Each structure stands twice: as structure tokens, then as C-alpha cells.
Amino acid sequence: MTLIVVYHDVANARKLEEFAKTVFAFNVDILVLSRPMTDAKTRGVKEVQHLAWTEGRTVMAVDDLFEAVNLFGPDKAYLIEHTKESTEIDTEAIGGELKGEGEVMLVFSGVNPPGLKGQVETGVSVHLPEIKGLSEIGLAAIILYEVRRHQTI
């Protein structure tokens with residue numbers, strides 16, 4: 001199965017680069033940059049594309065989250081956001097899904113509060129338990145570590 005990570009609504013180029021480095025460290029198949037803004041759009045996307053090329057990774061920039069989901073049509077899309085409606089993420093189940101065929105998408109937001117559910121009707125809103133205020137880079141590291149760990153068990 002293919003793991004696609006989407007980073008939506010990021011404005012800071014340095015943050016974008018750090019997020020990409022973190023994601024690439026976990027051998028993510030595809031990184032999608034959804035609606036990068038300001039400095040991230042003008043400088044960060046180029047830096048991440050260069051990083052992806054040197055590491056043999058795939059990166060793509062799209063105009064919005066709707067386009068990212070429609071372009072790949074994942075079997076499952078998990079929206080990482082801590083809301084009243086979100087449920088606790090089950091990294092073991094996601095790791096198990098990645099043992100099969102198809103595509104799983106993890107969507108992280110560069111803004112707070114994320115508000116991802118309103119942009120992707122078919123996505124499942126999830127969060128890490130008892131971890132509030134952690135940046136999306138930290139969230140990505142923890143979640144990807146756990147997903148990959150369960151994928152190899």
C-alpha cells in the first residue's frame with residue numbers, strides 16, 4: 001500500500017523543509033504540499049523539491065486539499081486534528097492497512113486550528129490522545145513512527 005502525506009496550509013519555508021525532512025525519514029512514498037502560502041510557496045516548495053530529488057522521494061504541490069484528495073483518490077484519508085469530533089488515531093490499524101494494496105493518506109495542517117474536516121468530506125478526523133499543542137512536525141514524527149512500527153510487526 002502507498003502512504004501519502006499531505007501538508008496543508010503552510011506559510012513558513014523553514015517549517016515546510018523540516019516537515020519534509022521528518023516525513024522523508026520515515027520512507028513516505030509521496031509528500032503532497034497543499035496550498036503552500038507566502039514564503040513556503042515562493043522559497044520552500046523549491047527547497048523541498050530539491051531535497052526530494054536528492055533523496056529519491058516524490059513531492060507534489062497542489063492548489064488545495066480537495067485537489068490532493070481527488071488526484072490520488074486514497075482508500076482512506078486521515079485528517080490529523082484535535083477537535084470535538086475527532087477520534088483517537090489507531091496507528092496499529094493504519095500500519096495494518098499499509099500491508100495491503102491501495103493508498104492511505106495522512107493530512108497535517110500548518111495552521112491552528114486546522115479545520116480540515118470541512119475540506120475533505122470523506123476523511124476521518126483523528127488525533128493523538130492527550131497531546132495538545134504539539135506542532136505538526138512533532139505529530140508527524142510520532143504518528144509515522146507508530147504507523148511504520150505496526151506495519152513491520
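Are Y7 and F19 buried or exposed? Both residues are buried, where buried stands for under 20% relative accessible area, exposed for over 50%, and partly exposed for what falls in between (1.4 Å probe, protein chains only). The structure is a predicted model, so to speak of local features a pLDDT of at least 70 is needed, side-chain atom pairs count only at pLDDT 80 or more, and totals for chains, interfaces and linings use all residues. Residues are numbered from 1 along each chain as its sequence is written, and side-chain values use heavy atoms, with hydrogens and water left out.

Aromatic contacts come up first. Searching the whole structure turns up two aromatic pairs; rings of Phe, Tyr and Trp (its six-membered ring) are paired if their centres lie within 6.5 Å, and planes under 30 degrees apart count as stacked, over 60 as edge-to-face and the rest as tilted. With ring centres 3.9 Å apart and planes at 15°, Y7 and F19 make a stacked pair. Helices (H or I, at least four residues) and strands (E, at least two) are DSSP runs, numbered from the N terminus.

F19 also pairs with F108, this time edge-to-face, at 5.6 Å centre to centre and 65° between the planes. F108 belongs to strand β6 (residues 103-109) while F19 is in helix α1, so this pair ties together parts that are 89 residues apart in sequence. The relative accessible area of F19 is 0%, and F108 likewise counts as buried at 0% relative accessibility. Put together, the ring pairs link Y7, F19 and F108 into a cluster.

Then there are the charges. The whole structure holds nine salt bridges, each being a side-chain nitrogen of Lys or Arg within 4 Å of a carboxyl oxygen of Asp or Glu. One of them joins the side chains of D9 and R35, with N to O at 2.5 Å. Here, too, distant parts of the chain are linked: D9 is in the loop between β1 and α1, and R35 in the loop between β2 (30-34) and α2 (38-55), 26 residues apart. D9 is buried, with a relative accessible area of 7%, whereas R35 counts as partly exposed at 32%.

Another bridge runs from K76 to E97, whose closest N and O atoms are 3.4 Å apart. K76 is in strand β4 (residues 76-80) and E97 in helix α4, 21 residues apart; K76 is partly exposed at 38% relative accessibility.

R149 is partly exposed at 34%, and so is E146 at 22%. Elsewhere, salt bridges that share partners join R14, E17, E18, K21, D39 and R43 into one network.

Finally, E88, D90, E92 and E130 form a negative surface patch. Patch residues have over 30% relative accessible area and no salt bridge, with like charges joined within 9 Å. D90 is found in the loop between β5 (87-88) and α4 (91-97), and at 43% relative accessibility D90 counts as partly exposed.

Terms used:
Patch = residues over 30% accessible without salt bridge, like charges linked within 9 Å, V, L, I, M, F, W, Y side chains within 5 Å. Areas by Shrake-Rupley, 256 points an atom, 1.4 Å probe, with all protein chains shown as cover. Lys, Arg positive; Asp, Glu negative; His and termini not counted. Charge placed at Lys NZ, Arg CZ, Asp CG, Glu CD.
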